[in-house]
Amino acid sequence: PHTMMRAAARGQLRRAQRWLTPAPSAAWHPERAAVQESTPLPTIGITVHLPEDVVTEVRATVGDSLMRALESNDFGDVWQGGACGGACNCSTCRVIVESPRPLPSRSEDEEDMLDAAASAAMQQSSDKNASAEEIEQEYLEERSRLACQLTIESGHEGLVVTLPEDVTNMLEVPLWMRGSR
């Protein structure tokens, strides 16, 4: 009786092993069987100036947008960038950028969004000391960029990014206020 039970158990064990053993893949090849180490993606160092004069250094992956780099370094408590998910529709990711090497020119979409944000900021301004020209200069100067539109390149090592204290979320601005200045 014990011999029959052991044989039955062995048979069940073999069947279970067959069911649990994955079928060989058609793409499997013995030379690729070893786990290959993935090469880490190149990164660059970026200096970030936060509100209240706090300065920090972060690493950013080459090929990512500046917005993604800032989000991955957890600045959410001091920076509300990316309300539109990087679609160039809100201007919340506006930053001031200083680069050791010239940055790519702004796209027409980026120019239009910064212009609309400057117009809305002038209309909403509660700071009576800031003139319309000062607000316009802040939004439209060459160093003012949308982080979602700027791709990190290896030549950007040493990039300095300042997160402004106030940004205009164009998704919250009524359409009638988005007109030209």
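In this talk, a residue is called buried when its relative accessible area is under 20%, and exposed when that area is over 50%. Cys148 has a relative accessibility of 12%, so Cys148 counts as buried. Please keep in mind that this is a predicted model.

Let me stay with the cysteines. How many disulfides does a search of the whole structure find? The count is 0. Cys90 is in no disulfide, and the nearest cysteine sulfur, at 3.6 Å, belongs to Cys84.

Five strands make up an open sheet, and their order across it is β2-β1-β5-β3-β4, with mixed pairing. Which strands stand at the edges? They are β2 and β4, the latter being residues 144-146; each has a single partner strand, so one side of each has no neighbour in the sheet. On average, neighbouring strands are turned by 35° against each other, direction ignored. The pairing of β3 with β4 is antiparallel and runs over 3 bridges. Within that part of the sheet, Ile96 has Ser144 of β4 as its bridge partner.

Now the helix on that side. Helix α3, residues 108-124, lies across β3 and β4, and runs at about 115° to β4. Glu110 sits in α3. Is Glu110 buried or exposed? Glu110 is buried, at a relative accessible area of 1%. What does the side chain of Glu110 meet there? A polar contact of 3.0 Å joins it to the side chain of Arg145. Leaving aside residues up to four places away in sequence, Glu110 touches Cys88, Arg145, Leu146 and Gln149.

On to the nonpolar interior. In soluble globular proteins, nonpolar side chains tend to be buried together. The largest nonpolar core here has 26 residues, and the members touching the most other members are Ile46, Leu66, Leu70, Trp79 and Val95. Take Trp79: beyond residues up to four places away in sequence, its contacts include Met67, Leu70, Val95, Ala147 and Leu163. Trp79 also touches Glu71, Thr92, Cys93 and Arg94. Apart from this core lies another, of 6 residues, including Ala117, Ala118, Ile135 and Tyr139.

Last, two backbone points. Asp53 has a phi near 60°, a positive value in a residue other than glycine. Asp53 is in the loop between β1, residues 43-50, and β2, residues 54-61. Ser91 also has a positive phi, of about 70°, and is not a glycine. Its loop lies between α2, residues 66-72, and β3, residues 94-98. How do the two stand in terms of accessibility? Asp53 is exposed, with a relative accessible area of 76%, whereas Ser91 is buried, at 2%.

Note on methods
Residues are numbered from 1 along each chain as its sequence is written. This is a predicted model: local features need pLDDT of at least 70, side-chain atom pairs count only at pLDDT 80 or more; totals for chains, interfaces and linings use all residues. Side-chain values use heavy atoms; hydrogens and water are left out. Helices (H or I, at least four residues) and strands (E, at least two) are DSSP runs, numbered from the N terminus. Buried means under 20% relative accessible area, exposed over 50%, partly exposed in between (1.4 Å probe, protein chains only). A disulfide is a pair of cysteine sulfur atoms within 2.5 Å. Two strands pair if DSSP finds at least two bridges between them. Axes are lines fitted to C-alpha atoms, for helices over the stretch in contact, and angles run from 0 to 180 degrees between N-to-C directions. Contact means heavy atoms within 4.5 Å. A polar contact is a pair of N or O atoms within 3.5 Å; within protein, one must be able to donate a hydrogen and the other to accept it, and residues adjacent in sequence count only if both atoms are side-chain atoms. A nonpolar core is a set of buried Ala, Val, Leu, Ile, Met, Phe, Trp, Tyr and Cys residues joined through side-chain atoms within 4.5 Å.
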